Amino acid sequence: MKTIITIVESPSMPGVFTGTLKNTGRRPIHIEAGRDPAAAAAKAIDLALHHGRHGYAIFAPKKVLDYIPIEFRSNN
């Protein structure tokens, strides 16, 4: 089961990021991801390392992905 981590910026509160953690077959988990792109990137990596044992993919705005090394953005 691959884990999908999605980070988005709040349209009503620029600079505030939230995320969703989704494992196939399970309900999505919604999380607060931080108040700047670096914090959101750190949260995404943390979620990937703790919940992506069977593979993961991180999807986020470019300003967040800029803080995530390419080799950490997905793992099959």
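A: A salt bridge here is a side-chain nitrogen of Lys or Arg within 4 Å of a carboxyl oxygen of Asp or Glu. The search of the whole structure turns up two of them. Keep in mind that this is a predicted model, where local features need pLDDT of at least 70, side-chain atom pairs count only at pLDDT 80 or more, and totals for chains, interfaces and linings use all residues. Residues are numbered from 1 along each chain as its sequence is written, and side-chain values use heavy atoms, with hydrogens and water left out.

Start with Lys63 and Glu9, whose closest N and O atoms are 2.8 Å apart. This pair links distant parts of the chain: Lys63 sits in helix 2 (residues 62-65) and Glu9 in strand 1, 54 residues apart. (Helices, H or I of at least four residues, and strands, E of at least two, are DSSP runs numbered from the N terminus.) Lys63 is partly exposed because its relative accessibility is 41%, and Glu9 is partly exposed too, at 24%; the label covers what falls between buried, under 20%, and exposed, over 50%, using a 1.4 Å probe on protein chains only.

The other salt bridge joins the side chains of Asp66 and Lys62, at 3.0 Å from N to O. Lys62 counts as exposed because its relative accessible area is 60%.

Now follow Glu9 back into its strand. Strand 1 (residues 3-9) pairs with strand 2 (residues 17-23) in the antiparallel sense over seven bridges; pairing takes at least two bridges found by DSSP. Along that pair, Thr6 stands opposite Thr20. Both strands belong to an open, mixed sheet of five strands, in the order 3-2-1-4-5. Strand 3 (29-34) and strand 5 (74-75) are at the edges with a single partner strand each, so one side of each has no neighbour in the sheet.

As for Ile68, beyond its neighbours within four places in sequence, its contacts (heavy atoms within 4.5 Å) include Ala41, Ile45 and Arg73.
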